[in-house]
Amino acid sequence: MEKNALPVVIAGAGPVGMVAAADLVRQGVPVTVLEAGAELSGESRASTFHPPTLDMLDDLGFAKTLIAQGLKAPQVQYASMIDGQLGTFDFADIADLTRHPFRLQAEQFKLTRIILEALHDNPLFNIRFGAELKGLKQDQQGVDLTFTGPNGDETLRCAWLIGADGANSIVRRSQDIPFEGFTWAERFLVITTPADVEAERPGVTSVSYWADPQRWHFFLRIMGAWRIMIPVPPDIPDDTVTSIGFARDMLVSILPEAKDAPILHTTLYRVHQRVADSFRKGRTFLAGDAAHINNPLGGMGMNGGVHDALNLTHLLGPVIKGEADVSTLDAYERQRRAVTMDAIQNGTIRNKRNLEAKTPEDRQAFRDEIKTALSSRDNTRAFLRRIAMFDSLERAAKL
Ligand SMILES: Cc1cc2nc3c(=O)[nH]c(=O)nc-3n(C[C@H](O)[C@H](O)[C@H](O)COP(=O)(O)OP(=O)(O)OC[C@H]3O[C@@H](n4cnc5c(N)ncnc54)[C@H](O)[C@@H]3O)c2cc1C
């Protein structure tokens with residue numbers, strides 16, 4: 001490695017960039033993180049951590065603190081507004097595969113804060129806030145970065161760059177890597193409310209998906225409240241949709257008794273399904289939303305991004321330390337892009353199609369899928385392994 005180049009720079013201090021940083025520091029590799037924001041993002045967005053992700057975070061020493069700040073959801077429920085309960089799955093059925101047989105409901109900003117707190121004083125860790133990566137140029141030996149900081153334009157040279165800079169990734173765009181896919185016509189409204197969901201949906205579990213041809217929705221219990229996601233038809237203008245009155249109407253349309261329930265927070269999301277053509281170009285890598293974005297049904301975006309981050313750092317750390325050949329890095333794209341296409345993209349599209357199924361045949365197919373998954377212990381385990389993302393990790397390891 002060149003004398004004056006940093007070993008690795010990570011663009012973006014979201015959950016993916018921070019997990020990558022933590023794992024490289026654990027391996028003894030000095031890391032510099034450039035974060036455009038003045039501080040860590042406080043946006044909720046992801047609130048589901050799957051069992052294997054919790055196992056990985058446990059290996060890094062973060063799971064216990066995160067679990068203490070979240071809510072364990074040992075069961076996942078599927079139901080239909082037309083057909084009633086379809087089935088409930090319990091992660092206890094795959095307790096032999098994980099130290100965490102539950103989904104953890106905790107907002108993603110809790111994880112990034114925990115990691116920052118842990119790394120803050122580590123001499124191997126350097127984070128620059130208010131440092132927006134503007135462009136980069138790479139050659140055989142390294143990458144030259146330009147970023148704006150509090151004192152104007154600055155430059156840096158590094159041996160390797162990880163682009164964990166989210167869906168609009170400058171790392172991806174600067175390398176002309178296409179981001180093919182599509183955008184769903186409807187937007188997704190997330191309402192956070194302490195409404196009494198149990199009173200109107202007796203037996204509701206902390207993670208509960210409800211199919212409906214007109215207005216599918218799901219309930220995720222977080223500490224002290226529920227996050228409820230509902231699709232919004234494309235023809236309603238954004239400024240109408242973001243009003244509290246509209247959120248109230250949507251809430252009451254699925255929970256009529258919630259007309260006086262407080263609405264703590266609403267956010268409107270435009271949702272995409274896109275995957276970068278390549279997860280690596282020379283000395284630059286893409287991970288997390290920079291590499292792939294998907295709808296949130298199944299909670300796979302951030303989880304998949306954390307899996308990317310650790311797959312990459314387990315390869316990159318040894319290369320930087322001179323313990324492995326550069327050619328070993330080829331495994332990253334081979335493994336992670338394939339499972340992103342199969343498990344994350346196809347899985348989340350299938351979840352949405354099931355919940356919005358309009359024809360009697362499609363509704364029957366969804367009911368049959370759940371019925372089959374509950375028909376034997378082996379089938380239940382196979383279903384849970386898929387939705388908890390064990391399958392995608394095992395498949396990646398074999399590629
Ligand atoms: C409503 C909703 C619910 C979701 N729920 C789940 C869920 O339950 N489970 C799940 O797994 N996923 C979920 N997701 C997806 C999840 O939020 C994302 O996949 C996750 O945030 C990706 O993390 P990231 O670190 O790759 O990117 P981000 O979280 O977007 O972080 C990128 C960081 O890079 C910084 N940045 C951007 N550009 C630059 C630049 N040029 N220079 C320096 N820094 C830059 C940004 O400021 C930001 O801090 C959900 C998404 C939505 C919208």
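**The eight-stranded sheet**

An open sheet is built from 8 strands with mixed pairing, arranged in the order β6-β5-β13-β14-β15-β12-β16-β19. Its edges are β6 (84-90) and β19 (292-293), each of which pairs on one side only. The model described here is predicted.

**Pairing around β12**

- Strand β12 (residues 179-193) pairs with strand β15 (residues 225-232) in the antiparallel sense, over 7 bridges.
- Within this pairing, L189 has I230 of β15 as its bridge partner.
- A further bridge joins R187 to V232, again in β15.
- β12 also pairs with β16 in the antiparallel sense, and that pairing extends over 11 bridges.
- There, T183 has H272 of β16 as its bridge partner.
- Strands of a sheet are joined in pairs by backbone hydrogen bonds, in either a parallel or an antiparallel arrangement.

**A helix across the sheet**

**The three-stranded sheet**

- A further open sheet has 3 strands in the order β3-β7-β4, and its pairing is antiparallel.
- β3 (48-49) and β4 (71-73) are the edge strands, each pairing on one side only.
- Between β4 and strand β7 (residues 103-105), the antiparallel pairing covers 3 bridges.
- One of the residue pairs involved is L71 with its bridge partner Q105 in β7.

**Helix α1 against helix α4**

- Two packed helices are described by the angle between their axes and by the distance between those axes.
- Helix α1 (residues 15-26) and helix α4 (residues 108-119) have axes that come within 9 Å and cross at roughly 30°.
- Because angles under 35 degrees count as roughly parallel, α1 is roughly parallel to α4.
- The crossing in which α1 passes α4 is left-handed.
- On the α1 side the contact is made by P15, M18, V19, A21, A22 and V25, and on the α4 side by Q108, L111, T112, I115, L116 and L119.
- By class, the residues of this contact of α1 with α4 are 10 nonpolar and 2 polar, with no charged residue.

**Helix α10 against helix α13**

- Helix α10 (residues 330-356) packs with helix α13 (residues 390-398) at an angle of about 145°, the axes being 9 Å apart.
- α10 and α13 make a right-handed crossing.
- The α10 residues Q335, R336, V339 and A343 meet D391, S392, R395 and A396 of α13.
- The contact of α10 with α13 comprises 3 nonpolar, 2 polar and 3 charged residues.

**Surroundings of the ligand**

- The ligand is surrounded by 34 residues, of which the closest are G12, G14, G166, G288 and G301.
- Four elements, α1, β2 (31-35), β9 (132-138) and α9 (301-320), each contribute at least two residues to the shell around the ligand.
- α9 gives the largest share of that shell, with 4 residues.
- The shell around the ligand contains 15 nonpolar, 14 polar and 5 charged residues.

How values were computed
Residues numbered from 1 in each chain as written. Predicted model: local features only at pLDDT ≥ 70, side-chain atom pairs only at ≥ 80, totals over all residues. Axes fitted to C-alpha atoms, helices over the stretch in contact; angles between N-to-C directions. Parallel < 35°, antiparallel > 145°, perpendicular 65-115°, else oblique. Left-handed = near helix turned anticlockwise from the far one by under 90°. Contact = placed C-beta atoms within 7 Å. Nonpolar A, V, L, I, M, F, W, Y, C, P; charged D, E, K, R; others polar. Near = placed C-beta within 6 Å. Pairing = 2+ DSSP bridges.
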